[in-house]
Amino acid sequence: NRSFNIERLLFDGAQMTTLAQSENSIAPKLPAYVADGSNLLETSGKLLSSASSEATFSAEFNFKDSATTKVAIDYVDADNYSFVELKLGEKTITLNQVVNGVSTLKGSGTIVKNYDPAVWHSLRVAQRDNKVDVYFDNLQKITNASLTATGGKIGYLTSATIGYTAFSNVGKGLSDVLEVKQAHEIIPASLYSNDPALSSGVSLTPASGKYVNTSLAGLTFEGNKATYLVNFKDDGLYGLQLTYPKEDAGKKIGVRIDDGTVYKVTLPNIDTTDTLIRTRIADFNIVNGINQVRLENVGESVHFQNLSFFKASPNTPLFAHNLMTYLDTGADYKTIWKLHEDGHRATAGTRQLVYLGDTTITDFTLEVDMKFIGSTATSTAGIIFHADNASFSQHDSYTSMQGYYVSLNNNEVRLEKLNYSADRLGTKIGANPSATVLHLKVVVRGGLYTVFVNDVKAIEVSDSLPFTHGRLGFYTNGAEVTYKNLSITA
């Protein structure tokens with residue numbers, strides 16, 4: 001069943017990424033300052049923090065029992081500070097700056113609905129590069145207001161019942177840049193280290209295609225580099241996945257892990273009409289812990305949208321079994337399978353799955369004999385590949401996994417990309433009669449997938465943003481079927 005796991009989120013515009021793991025996570029940093037009404041310091045009728053924020057910060061205020069609330073930021077003294085004023089009755093919110101005792105309006109917003117002052121409300125202020133965002137109850141009301149930031153104390157300028165109050169010295173995405181990334185999650189290209197010794201000459205431009213409102217990192221001139229601090233759980237061989245514009249396919253990009261050699265990698269091409277390609281570009285031996293991963297221009301202008309790593313294997317898949325007995329190694333039976341007619345039998349009306357191998361499998365050729373028992377006009381059976389994260393709760397359907405499903409029934413062959421929904425990549429209409437041996441062959445080479453039935457090509461299709469690795473397996477969705485004579489080769 002699906003479980004609730006917590007991992008740090010990363011953001012790049014519309015691109016949110018996370019992938020929880022049960023151990024070896026990076027503990028998020030706590031705020032630089034935390035207080036409530038009992039330990040804020042009273043100064044001339046104001047309640048102020050005992051510490052000052054930096055010029056870049058995020059501050060949060062929680063309060064109730066006040067129809068008009070003023071909260072202070074950048075507080076230096078009584079004549080120099082900024083404040084946000086919330087008027088629930090008038091449905092307004094303003095950002096103001098006081099310099100030498102003179103107050104100037106810097107930004108404003110409106111409150112749409114009626115809010116009860118007697119219940120808890122929050123204001124959140126994020127400031128970076130002299131631009132300020134203001135949120136009321138997690139709704140953004142002021143965006144990129146210009147304000148000369150100084151840093152300073154935070155606090156309350158009007159009376160209210162005060163709750164959690166805090167600031168961190170990061171704002172408007174800076175924490176995503178500074179935090180260590182996890183190797184297994186998708187790392188947005190825009191979140192490279194801001195240390196000029198590690199990253200230089202990187203340009204950010206909007207991406208297009210399937211991922212909109214995200215950024216492409218551009219390495220335009222030779223020597224331009226973007227470095228990411230990435231945590232690896234284990235020692236071993238890792239595949240590097242990169243998402244990049246199709247127009248950059250065939251170009252070379254440099255990759256360096258820590259102080260190692262700079263490897264010149266040619267970006268693979270995939271036959272697609274999409275504007276972006278995601279694929280494995282190279283494998284690297286990496287030591288566990290936090291590593292510097294650097295991408296650089298080695299003579300050709302290149303761009304990329306995100307990167308991630310996965311555990312790879314130096315060995316090519318090679319396995320054969322007649323399936324007359326249960327597999328005692330290399331298999332993970334997620335459901336109960338029967339042995340019948342000298343093969344693995346799946347029962348009608350059920351979802352059944354057995355994983356083969358592990359998540360390091362990339363390219364392979366799989367062949368197996370299948371025979372349907374009884375008619376199967378709508379129910380299906382076949383194989384999955386580059387798969388993982390299957391869920392079998394009572395509310396799940398056959399789409400409740402991630403990977404590719406090559407399915408057959410009496411009427412068609414289909415290739416679907418499953419990601420807790422189904423995206424049909426290819427279909428071949430034709431008879432696949434029951435009580436007859438059907439020889440299924442699937443060939444995967446990079447993002448190109450070819451399916452044969454009885455040695456006749458049924459489907460050949462590419463996926464420009466694929467699942468690049470994962471387990472193989474037998475998978476059924478209601479069909480009664482027997483599998484025999486499995487062969488897996490490179």
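User: What volume does the largest cavity have?

Analyst: The model is a predicted one. In the protein, the count of cavities of 30 Å³ or more comes to 1. For the largest cavity, the volume is about 40 Å³.

User: Which element supplies the largest share of the lining of the second largest pocket?

Analyst: The second largest pocket holds about 1,100 Å³ of space. It has 31 lining residues, and those closest to its centre are Arg 8, Ser 58, Val 170, Gly 171 and Ser 175. At least two lining residues come from each of strand E6 (57-64), strand E11 (121-128), strand E12 (131-136), strand E15 (161-168) and helix H1 (174-178). The largest share, 4 residues, is supplied by E15.

User: How many charged residues are in the lining of the second largest pocket?

Analyst: The lining of this pocket includes 14 nonpolar residues and 7 polar ones. The number of charged residues is 10.

User: Is Glu 296 buried or exposed?

Analyst: Glu 296 belongs to strand E25, which covers residues 289-296. A residue counts as buried when its relative accessible area is under 20%. Because the relative accessible area of Glu 296 is 13%, this residue is buried.

User: With which residue does the side chain of Glu 296 form a polar contact of 2.3 Å?

Analyst: When neighbours within four places in sequence are left aside, Glu 296 is in contact with Leu 219, Asn 224, Lys 225, Ile 253, Gly 254 and Val 262. The polar contact of 2.3 Å joins the side chain of Glu 296 to that of Arg 294.

User: How many strands does the secondary structure of the protein chain have?

Analyst: The C-alpha trace of the chain spans about 90 × 55 × 40 Å along its principal axes. Its secondary structure comprises 1 helix, and the number of strands is 42.

User: What percentage of the contacts with a separation of 6 or more joins residues 24 or more positions apart?

Analyst: The protein chain has 490 residues, of which 49% are buried. It exposes about 21,900 Å², with carbon and sulfur atoms supplying 49% of that area. Among contacts with a separation of 6 or more, the share from residues 24 or more positions apart is 66%.

Notes. Residues are numbered from 1 along each chain as its sequence is written. This is a predicted model: local features need pLDDT of at least 70, side-chain atom pairs count only at pLDDT 80 or more; totals for chains, interfaces and linings use all residues. Side-chain values use heavy atoms; hydrogens and water are left out. Buried means under 20% relative accessible area, exposed over 50%, partly exposed in between (1.4 Å probe, protein chains only). A polar contact is a pair of N or O atoms within 3.5 Å; within protein, one must be able to donate a hydrogen and the other to accept it, and residues adjacent in sequence count only if both atoms are side-chain atoms. Contact means heavy atoms within 4.5 Å. On a 1 Å grid over the protein atoms alone, a cavity is a set of points where a 1.4 Å probe fits but cannot get out, and a pocket is an open set with protein on both sides within 12 Å along at least five of seven lines; lining residues have an atom within 4 Å of a point. Grid points are joined across faces, edges and corners, and a volume is the space filled by probe spheres set on the points. Accessible areas come from the Shrake-Rupley method with a 1.4 Å probe; for residues, only the protein chains shown count as cover. Ala, Val, Leu, Ile, Met, Phe, Trp, Tyr, Cys and Pro count as nonpolar, Asp, Glu, Lys and Arg as charged, and the others, Gly among them, as polar.
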